[in-house]
Amino acid sequence: MAPAPSSLRQHRLFRSGGRVLLVVACFTAFGWLMTPLTETVRKRETDDRLLSPLPANSSSDAMPQQLAFITLGGLRTLGAAILKMDAAIDCMDRKDWPMVAKRFDQITALAPHITYYWIEGADYLANNAATDVREDASLTESERIRASRSYYRQAVALLQKGIDNNPESWELYNALGRTLSIIRRGVSPDFAAAAAAYGKAATLGGGNLAERQEFYCLARARGKEREAWNLGKHLFLDPDNHLPVLACCLFVLQNKLHLPENERIPFHKLFQNDARAKTWLTRFLHNDLRHSTDGVREELERLGALPKKQENK
């Protein structure tokens, strides 16, 4: 007689679960057997700053204790991947942000040269955690602001530590620039520092996109108008950079710097025609990215896209 479908499913689940347990047991045994051999190498590489020290674990944190033999046996990348799954699935689902922060400290200590972990950890903290606590109705307004800023600062610190471990990674500098330029209630962006990070990303291989982001941050940084103008003028030489926001920023910078006509990029080169100028400048006038709009309203009035203000008699 053929087995019942339910019995067959249970049998398959049992076999599948047994295989998983067998694999984990094999890795654990391998880690334990390799410990004497790898511990000396690990210590030497840690002393030489080639590896980060293994993270300390509390007795209440069971997950890293379960991975102890694996990581001590040299399988640090495997341990980091398992901790990443725990952070992304279990901790995120429970919105346990302190544990998410702790997990990524452990993950990046185990795999310090996998840049993806540093970037994703910072994104979780700066975006998910900071946003969630900012909207937490159980906290007072001041507590929400403090908690949000704390996670934002932790994200920046995580990326800076990642750069210390991977100084040639343009992706980490790019992520740092993105994080430093976040515009959110309760968080003050540092556009000058963000521009410096994007500039470094561009020199390390981030290319045209990183260079454009450097320009956008410089254009919003107080006292960086001339530097922004010089970079923007250089970028505009490439037709691929004839983009709405870039053109509008250049138009505004020319006005802020009070450049004479012979130093300006001509209006028809920035916008090609009045119809395009009306569209681009109208959108830019209402931007929420903290770009200055010096001279934009006046130009739209001249073009007939806005009614002229009535002067008081």
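View 1. At 12% relative accessibility, Y124 counts as buried (under 20% relative accessible area, 1.4 Å probe, protein chains only). F104 is buried too, at 1%. Their rings form a tilted aromatic pair, 5.5 Å centre to centre with 55 degrees between the planes (pairs have centres within 6.5 Å; under 30 degrees is stacked, over 60 edge-to-face, the rest tilted). F104 lies in helix α5 (residues 97–110) and Y124 in helix α6 (residues 115–134), so the pair ties together parts 20 residues apart in sequence. Helices are DSSP runs of H or I, at least four residues, numbered from the N terminus. The model is predicted: local features need pLDDT of at least 70, side-chain atom pairs 80 or more, while totals for chains, interfaces and linings use all residues. Residues are numbered from 1 along each chain as its sequence is written, and side-chain values use heavy atoms, without hydrogens and water.

**View 2. F215 in the largest nonpolar core.** This core has 75 residues (buried Ala, Val, Leu, Ile, Met, Phe, Trp, Tyr and Cys joined through side-chain atoms within 4.5 Å). Helix α9 (residues 191–220) gives the largest share, 12 residues. F215 is buried, at 0% relative accessible area. Beyond four places in sequence, F215 touches residues including L231, L235 and L250 (heavy atoms within 4.5 Å).

View 3. F251, F267, F271 and W280 form one aromatic cluster. R302 lies over the face of F267, 5.7 Å from the ring centre (NZ of Lys or CZ of Arg within 6 Å of the centre and within 35 degrees of the ring normal).

Methods:
Buried means under 20% relative accessible area, exposed over 50%, partly exposed in between (1.4 Å probe, protein chains only). Helices (H or I, at least four residues) and strands (E, at least two) are DSSP runs, numbered from the N terminus. Rings of Phe, Tyr and Trp (its six-membered ring) pair if their centres lie within 6.5 Å; planes under 30 degrees apart count as stacked, over 60 as edge-to-face and the rest as tilted.
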